[in-house]
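User: I have a structure open and would like to go through it with you. Could we begin with the aromatic residues and then move on to the strands and the charged pairs?

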Amino acid sequence: MFMKVSFGAKPWIYPQPVLMIGTYDENGVANLMNAAWGGIGDTEEIRICLSSNHKTMKNILLKKVFTVSMATKKTVSECDYFGIASGNTEKDKVVKAGFHSHCCENIDAPYFDELPLTFECSLISYDEESGSLRARILNVFADEAILTDGHIDPKKLEPITFDPINNEYLLLGGSVGKAFAIGKKFFQ
């Protein structure tokens, strides 16, 4: 039998998505930020923890819309840079990283050629004290290159996850079973 080791309250959820938050500032300059604490809050809702001092949060409060993409294996270095470089001090970090931005069709927020899966979002609420941001998912669009039979293919997307314990980015592994099917054996 294995002993369990207690670590206290920690934000250690696996997998933890590496979310890339795209915004425009007051001058229409695209900004991109790496946000490690976030995920789906409901069928059409995403939640992210962002402190109010981030340029991204200031932009979201200004425009009330933004995009969320997933960092990928192919873009890991650039996406890490977007987590290290502050939009408050690095004014042109999207260009420095070699990314290409375009305005979404439905909202005044940028999407990026290099990030193949994008969520268009509108702000529902933000609590400055806790940093809790809630947003409605308005639309999801994907590059055809990551589709198989018209569906998003995680093997082609190659999303990465953040390991908060070891400060590493990890690639998600392969399938271990069909959801809502593999557990049916226990009904017998």
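**Aromatic contacts**

Analyst: F112 counts as buried, at 2% relative accessibility. Please note that this is a predicted model.

User: Which strand holds F112, and what does the F99 and F112 pair tie together?

Analyst: F112 belongs to strand β7 (residues 110–112), while F99 sits in the loop between α3 and β6, so their pairing ties together parts that are 13 residues apart in sequence.

User: Is F99 buried or exposed?

Analyst: F99 is buried, with a relative accessible area of 6%.

User: And what geometry do the rings of F99 and F112 adopt?

Analyst: The pair is tilted, because the planes stand at 50° with the ring centres 6.4 Å apart.

User: How many aromatic pairs does the structure hold?

Analyst: There are 6 aromatic pairs. One of them is F82 with F99, an edge-to-face pair at 5.1 Å centre to centre and 65° between the planes. F82 lies in helix α2 (residues 76–84) and F99 in the loop between α3 (93–96) and β6 (101–103), so this pair ties together parts that are 17 residues apart in sequence. F82 is buried, with a relative accessible area of 1%.

User: Which residues do the ring pairs link into a cluster?

Analyst: The cluster consists of Y81, F82, F99 and F112, linked by ring pairs.

User: Changing topic to β1. Why is strand β1 described as largely enclosed?

Analyst: Strand β1 (residues 19–24) has 6 of its 6 residues buried, so the rest of the structure largely encloses it. L19, I21 and T23 point one way from β1, whereas M20, G22 and Y24 point the other way, and all are buried.

User: Which strands pair with it, then?

Analyst: β1 is joined to strand β2 (residues 30–35) by 6 bridges, and the two run antiparallel. β1 also pairs with strand β5 (residues 65–70), in the antiparallel sense over 4 bridges.

User: Which residues are the bridge partners of L19 and I21?

Analyst: L19 has A35 of β2 as its bridge partner. The bridge partner of I21 in β5 is V68.

User: How many residues are in the largest nonpolar core, and which have the most contacts inside it?

Analyst: That core has 21 residues, and those with the most contacts inside it are I21, I48, L50, I60, F66, V68 and L133. At least two residues of this core come from each of β1, β2, β4 (45–49), α1 (55–63), β5, β8 (117–127) and β9 (132–142). β8 gives the most, with 5 residues.

User: Which residues form the nonpolar patch on the surface?

Analyst: Y14, I165 and L170 form such a patch, with about 260 Å² of accessible area together. I165 lies in the loop between β12 (160–163) and β13 (168–171). The relative accessible area of I165 is 41%, which means that I165 is partly exposed.

User: On to charges. How many salt bridges are there?

Analyst: The count comes to 6 salt bridges. In general, side chains of opposite charge can pair when their charged atoms come close.

User: What does E45 do here?

Analyst: E45 meets R47 in a salt bridge at 2.7 Å, N to O, and R134 in another at 2.9 Å, N to O.

User: How far apart are the closest N and O atoms of E158 and K73?

Analyst: The closest N and O atoms in that salt bridge are 4.0 Å apart. E158 is in the loop between α4 (154–157) and β12, and K73 is in the loop between β5 and α2, so the residues are 85 apart and the pair links distant parts of the chain. E158 is partly exposed, at 28% relative accessibility, and K73 is partly exposed, with a relative accessible area of 46%.

Notes
Residues are numbered from 1 along each chain as its sequence is written. This is a predicted model: local features need pLDDT of at least 70, side-chain atom pairs count only at pLDDT 80 or more; totals for chains, interfaces and linings use all residues. Side-chain values use heavy atoms; hydrogens and water are left out. Buried means under 20% relative accessible area, exposed over 50%, partly exposed in between (1.4 Å probe, protein chains only). Two strands pair if DSSP finds at least two bridges between them. Patches are made of residues with over 30% relative accessible area and no salt bridge: like charges are joined within 9 Å, nonpolar side chains (Val, Leu, Ile, Met, Phe, Trp, Tyr) within 5 Å. Accessible areas come from the Shrake-Rupley method with a 1.4 Å probe; for residues, only the protein chains shown count as cover. A salt bridge is a side-chain nitrogen of Lys or Arg within 4 Å of a carboxyl oxygen of Asp or Glu. Rings of Phe, Tyr and Trp (its six-membered ring) pair if their centres lie within 6.5 Å; planes under 30 degrees apart count as stacked, over 60 as edge-to-face and the rest as tilted. A nonpolar core is a set of buried Ala, Val, Leu, Ile, Met, Phe, Trp, Tyr and Cys residues joined through side-chain atoms within 4.5 Å.
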